Amino acid sequence: MEYIYLHGFLSGPSSSKGEFLFKQFGESGIYLHRPDLNGDDFEHLTITSQLDIIGKLLDSLPGEVTMLGSSLGGYLAGVAAERWSRIDRLVLMAPAFDFVHRYLGQLSKTELREWKEIGFINLYQYHYQEHRRLRYGIVEDAQKYRDFSMDRQLPVQILHGICDESVPYDVSVEYLKNHSGAELVLLNTDHGLLDKLPVMWEYIKTFLDL
């Protein structure tokens with residue numbers, strides 16, 4: 001069994017959550033793969049470019065895979081599980097299942113038009129600890145996934161904060177309605193889940209039988 005962690009939007013593999021999980025898996029004798037979904041060209045980041053990075057990593061690994069994902073990484077893990085049957089378990093932390101609708105929906109028509117006309121926006125990228133350009137191509141690419149359906153039934157554990165200010169936990173509750181093999185753990189925290197990492201690890205260990 002191989003284990004992969006997918007970081008969130010504007011984050012990276014060495015985030016606090018990524019480092020914590022890497023250490024915990026290591027203490028259990030397991031190497032946790034943490035691809036950098038930003039690739040070598042954050043400016044042209046898209047959902048498709050991130051899935052391509054995931055696909056290349058999967059091609060290099062043998063056997064079945066347990067995939068963990070945080071926020072947008074959780075959404076990508078769900079999409080990846082539909083595409084690659086080798087992924088047989090998911091652990092999702094505040095998964096942004098509705099990333100396409102929610103993130104783009106926060107932008108006004110004027111903001112989207114200006115982004116398209118200029119060609120890019122400047123966003124603070126926590127992985128690089130600086131502002132970076134992001135091209136409008138991510139918006140155009142996102143349309144491919146606007147109505148993407150996650151229908152596959154497999155064991156899924158979701159950990160979500162009840163005070164999540166970015167992705168309401170209702171999104172995860174809705175996912176459970178059509179996925180009988182999924183379980184939801186609600187925690188009294190926000191989107192980052194950082195103050196609940198030790199508690200989360202206990203749930204993850206039990207779910208993965210580590």
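Six aromatic pairs are counted in this structure, which is a predicted model. One of them joins F22 and Y31 in an edge-to-face arrangement, and another joins F25 and W201, also edge-to-face. A search of the whole structure also finds six salt bridges, and two arginines lie over the faces of aromatic rings, namely R83 over W84 and R133 over F120.

**Aromatic pairs**

- F22 is partly exposed, with a relative accessible area of 29%, whereas Y31 is exposed, at 52%.
- The pair of F25 and W201 has its ring centres 5.0 Å apart, with 65 degrees between the planes.
- F25 belongs to helix α1 (residues 16-27) and W201 to helix α8, so this pair ties together parts that are 176 residues apart in sequence.
- F25 is buried, with a relative accessible area of 0%, and W201 also counts as buried, at 5%.
- Together with Y3, the residues F25 and W201 make up one aromatic cluster.

**Salt bridges**

- Side chains of opposite charge can pair when their charged atoms come close.
- Among the six salt bridges is that of E43 with R135, in which the closest N and O atoms are 2.6 Å apart.
- E43 is found in the loop between β2 (32-33) and α2 (47-59), while R135 is in strand β6 (residues 130-135), so the pair ties together parts that are 92 residues apart in sequence.
- R135 is partly exposed, with a relative accessible area of 26%.
- K144 forms a salt bridge with D141, and the closest N and O atoms of this pair are 3.3 Å apart.
- In this pair K144 is exposed, with a relative accessible area of 59%, whereas D141 is buried, at 7%.
- A salt bridge also links the side chains of K205 and E202, with an N to O distance of 3.6 Å.
- Both K205 and E202 lie in helix α8 (residues 197-208), three residues apart, which is about one turn of the helix.
- K205 is partly exposed, with a relative accessible area of 26%, and E202 is likewise partly exposed, at 44%.

**Charges over aromatic rings**

- R83 lies over the face of W84, at 5.5 Å from the ring centre.
- R133 lies over the face of F120, at 3.8 Å from the ring centre.

Note on methods: Residues numbered from 1 in each chain as written. Predicted model: local features only at pLDDT ≥ 70, side-chain atom pairs only at ≥ 80, totals over all residues. Heavy atoms only, no water. Salt bridge = Lys/Arg side-chain N within 4 Å of Asp/Glu carboxyl O. Helix = DSSP H or I, 4+ residues; strand = E, 2+ residues; numbered from the N terminus. Buried < 20%, exposed > 50% of the residue type's maximum accessible area, 1.4 Å probe, protein only. Phe/Tyr/Trp six-rings, centres within 6.5 Å; stacked < 30°, edge-to-face > 60°. Lys NZ or Arg CZ within 6 Å of the ring centre and 35° of its normal.
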